[in-house]
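Hi,

Here is the structure I promised to pass on. Have a look at it first, and my notes on what turned up follow below.

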Amino acid sequence: MDIRPKVLITKIGFDGHDRGSRIVAAGLRDAGMEVIYTPPWQEIVTVVKLATEEDVDVIGISSLATDHLIVPKLMEALREGGLTDVAVVVGGIVPDEDEQMLLDAGVARVFHPGATIAEIAGYINDITPGIRARRLTA
Amino acid sequence: MNKPIDEKLLAIGEAEAQWRKEYAGQIGSDRQVTNRSGIDIAPLYTPRDWDAAQHEENLGYPGQPPYTRGIYATMHRGRTWTQRQLIGLGTPADYNARLLGILAQGATAVSLIPCNSVYRGIDMDESHFELLGTCGTVINTADHMDRALDGVDLARTSCAMNDPSPFTLLAFMLAVARRRGTPWTAITGTSNQSDYLSHYVANHMFFRIALPGARRILGDHIDFCNRLVPKWNPMSVVGQHTQQAGATPAESMAFTLSAAIQNAQDCMDRGMDPDAFLPRFTFFFDISISFFEEIAKFRAGRRIWARVTRERLGAKDPRSWRFKFHGQTSGVDLTRQQPLNNIARVAVQAMAGIFGGLQSLHTDAFDEALSTPTEFGARIAVNTQNILREEAHLTDVIDPLGGSFYVERLTDRMEAEILRVMQIVEDAGGMYKAVESGIVQKMIGESASRFQRKVESGEQTVVGVNAYRAAEDRTARQPLARPDPAAMRAHLESFRTFKAGRPAQAVNKALDELARAANDPKLNVFGKVVEAAEAGCTHGEICATLRRELGFGHVQALV
């Protein structure tokens, strides 16, 4: 079985600043992961569809300008789509007040500016076996 | 550009030889330094690095071509830069309250940042409610603009609007002016973000009409404003987007100048006289914390533009040669860690812009790396400018770093690097084709990754991030600036009521006319946008019509 993590890197909402999502996508790819990258402004339904079809382990949402405020809507849509075993990770400008809100909504982790590719890749490598195991036993 | 100086021609004097010897013996003397644009930086610059004989030709005097020392004779000594802070949050009423406060404090120039839903080309009733007004003001109609600018004399207040293609915000403002009896010829300001090319390659904050349509609309917009709103600056060529996306300062200047040449060429291909539109071209740049590099970037860019406009574009009016620019301190250099450090960073960035000779300046709030800036952060940002201007006396002497061996040498080196990148674009067939082919995006992506690796390896220090880390006290943080949901809900309901109550026939007719213009090159699309705004059409309706007729732009995959 391929143990390489499969990650979807995307942006939802209205903001188009994609330096962060591009750097993280390229960095994770260089770290040996299978990365599916989308341009900004994806609809929530599109993200759910992509995650389902591509069978990803992790969804990385990049947020610079408050778009993380609709991540709870994404979490809800993932649950409705039956994707309870996918880990959602948010990275970008996320105020402290909002971080707790995201964790409460089921987000696995929030990465702030200054996080390195090595930290992000290490985290994804750590959680992927658990995600795979839960999927097999589900 | 100065000719490279042949060191053999100028003998090293005894004193310099002694310095060289002493320097070579010191610890750290072998440390290599390269700036963000990839230029090697020597430990010392001397008269041998600067060909003083070419002083007149390469520097001249302020207000004289090639404007290396500034585009006006008096520069900041006579009139300091315009303090133009970007504002925009919440409903039009929220914006208006903030605006009137700023005007009461003596500001004469204002700015307007729309909600990101506006950038996306959709109305508030098509948007995620949670996001409305969190990053800018929700303006979808001429009525909204009227409310936002209530109590503001449009004939006396210069307004810069972040208003990407198809320029509906200006259309709404012109509709408001007509209602109030203000002649369009009296209106001053700038269409920020009108440069579709930089949006296309970098931050994508516009609704992405496909490239050919965006090119057409920009030309129509410039033509319309030249004829009917002559004091308006319809063209703001943006370097900020590419640099924030990761381009080096030299690359960013090169892409911006290449885009300006492309836009000017497009206007000339329509039969417009360069001296009719070039005086209304402006530029908008990011100012990073790479202090001397930024100063040299601006001085070199000014020199190149003076030569390009005269020699290549054939402009004869000196106003066409002047490189007028707005600078914004770079949010990319700001950190979430120990955020008060950002106040120091912004001050250094602002000084680089001031010494670089900018015409207007926005200083970022220190809390931008945490959230949409708070009023507390914005006040410190404004006072940073006041301190630099009035306490530190940075405006007393024109181009105070001119003649510095290092700054002049670096200006020449940056100029050479900018010209090198411009040649790559030129070889690809100009900026439009270079962007279409993706080579610009590729260069930006590579530079962004290179910089990220420098930060991750520790080669580039970022205080609080990869060095000098400290435990943080978060209790002092300001509450988040977020719009009042009840006020936004009321704004949304009133918008729905407005839409339902409009004369449908007039709206449909205006949108049909707009669609017809999109397909008829003899008609002016922006003129029809203005008519649609006056007929009560909404931003989203206008954008949807043009997207349908001119195509939606694709977005690039990862390179």
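Let's start in chain A, where helix α2 (residues 44-54) lies across β1 (6-10), β2 and β3 (58-63), running at about 165° to β1(A). Contact here is when the C-beta atoms of two residues, placed from the backbone, lie within 7 Å. Angles run from 0 to 180 degrees between N-to-C directions, with axes as lines fitted to C-alpha atoms (for helices, over the stretch in contact). Helices (H or I, at least four residues) and strands (E, at least two) are DSSP runs, numbered from the N terminus.

Before going further: this is a predicted model, where local features need pLDDT of at least 70 and side-chain atom pairs count only at pLDDT 80 or more, while totals for chains, interfaces and linings use all residues. Residues are numbered from 1 along each chain as its sequence is written, and chains are lettered from A and ligands numbered from 1 in the order in which they are written.

Back to chain A. Its open sheet has five strands in the order β2-β1-β3-β4-β5, with parallel pairing; two strands pair if DSSP finds at least two bridges between them. β2 (34-37) and β5 (109-111) of chain A are at the edges with a single partner strand each, so one side of each has no neighbour in the sheet. Direction ignored, neighbouring strands of this sheet are turned by 25° against each other on average. Strand β4 (residues 87-92) of chain A runs parallel to β5(A), joined by three bridges, and V90(A) has V110(A) as its bridge partner in β5(A).

Chain B also has an open sheet of five strands, in the order β1-β9-β8-β7-β6, with parallel pairing. The edge strands there are β1 (82-83) and β6 (235-238) of chain B, each pairing on one side only. Five bridges link β7 (residues 281-287) and β8 (residues 325-329) of chain B in the parallel sense, and I287(B) has T329(B) as its bridge partner in β8(B). Helix α15 (residues 341-355) of chain B packs on this sheet, touching β7, β8 and β9 (360-362) of chain B, and its direction makes about 165° with that of β8(B).

Now for helix α16 (residues 375-391) of chain B. Buried in α16(B) are G377(B), A378(B), I380(B), A381(B), T384(B), Q385(B) and L388(B). A residue is buried if 20 or more other C-beta atoms lie within 10 Å of its own, exposed if 12 or fewer, and partly exposed in between, with C-beta atoms placed from the backbone. Seen down the axis of α16(B), the buried residues fall within an arc of 165° (taken from the directions from the helix axis to the C-beta atoms), so they line one face of the helix. On the other side of α16(B), N386(B), E390(B) and E391(B) are exposed. The cover over the buried residues of α16(B) includes β1, α15 and β9 of chain B.

Leaving out residues up to four places away in sequence, R389(B) touches T80(B), L394(B) and T395(B).

Finally, the contact between the chains takes 33 residues from chain B and 29 residues from chain A. α19(B) gives the most to the side of chain B that touches chain A, with five residues.

Cheers
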